[in-house]
Amino acid sequence: MISNNFGEIFFSVNKKIKHISVKILPAGLQVNLPVGVSEKEALRFIETKRTVILKKQQKLRQSLDNQLIVSPEKPLKTLTFTVKPIAAERTDVFFLLKNNILTIEFPKGKDCQTREMQKIFFNGINYFLRKEAKRLLPARLKYLADVHGFTFHKVTIKSATSRWGSCARSKKNILQTQYSINLSFYLLLTTPQLIDYVLLHELCHTREMNHSPRFWLLMDKVTNGASKALRAELKKYQMPKF
């Protein structure tokens, strides 16, 4: 049923609960009722929470609007290949990387923009992103380190979705400190210039483990004064959150 801006409300009876529970969805509500509680009683309860519910629904919708979605109408371009989903006469999801095109065939009639389908899509996309990142990023990091006189101990490619890269410091012995750099394979969703910016950012942390003025002076030195502009540009790119 539809109720006053909440969207579609689904009711179900749960014998295990003693109080009304409401699951807030972007376009509606899932309401679980204890035995003996009517839908009218539940609606009265929901009305008492109207402001909170509508605010949470709005936040959920905004989150979905900002989510990185891959669909036939929204192909995804990575550094080395383009992802193109295609509806096909099949019952499963199939991935094929050929000639720099990653084709994803999914069952015709399925809504590929649901969270469940996007998870399946990105499970496959991530496999190819990881392979490409391992092939390209360590060599590029080593090149930039050599050009600018940095040293690091090791580099690890990860599936991080909260940050593009990080640098960790450890003591090998009293006299020697080692630096390990972690890079997200989602860097391949950006551009060559922004990849270099992130790699240089982490390399600069091998000298300045902070974001002090000295760190940004060093960043400006290795980016020819472009660190602020590159930092702003990087904020335009998203990582998948599925």
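How many bridges join β2 to strand β3, and in which sense do the two run? To find out, select residues 28–33, which make up β3, in this predicted model. Five bridges connect this strand to β2, and the two strands run antiparallel.

**First stop: the three-stranded sheet**

Now bring β1 into the selection. Together, three strands form an open sheet with mixed pairing, and their order is β1-β3-β2. Colour residues 8–13 (β1) and 21–25 (β2): these strands stand at the edges, and each has a single partner strand, so one side of each is left without a neighbour in the sheet. From one strand to the next, the twist averages 15 degrees. In general, the strands of a sheet pair through backbone hydrogen bonds, in either a parallel or an antiparallel arrangement.

L29, in β3, is the bridge partner of I24.

**Second stop: the helix across the sheet**

Next, select residues 39–48, which form helix α1. This helix lies across β1, β2 and β3, and its direction is at about 125 degrees to β3.

Move on to the strands β4, β5, β6 and β7. These four strands form an open sheet in the order β4-β5-β7-β6, again with mixed pairing. Highlight residues 76–77 (β4) and 94–98 (β6), the edge strands, each of which pairs on one side only.

Then select residues 82–88 (β5) and 101–107 (β7). Seven bridges link β5 and β7, and the pairing is parallel. To finish, display I86 and E105: the latter, in β7, is the bridge partner of I86.

How values were computed. Residues numbered from 1 in each chain as written. Predicted model: local features only at pLDDT ≥ 70, side-chain atom pairs only at ≥ 80, totals over all residues. Heavy atoms only, no water. Pairing = 2+ DSSP bridges. Axes fitted to C-alpha atoms, helices over the stretch in contact; angles between N-to-C directions. Contact = heavy atoms within 4.5 Å.
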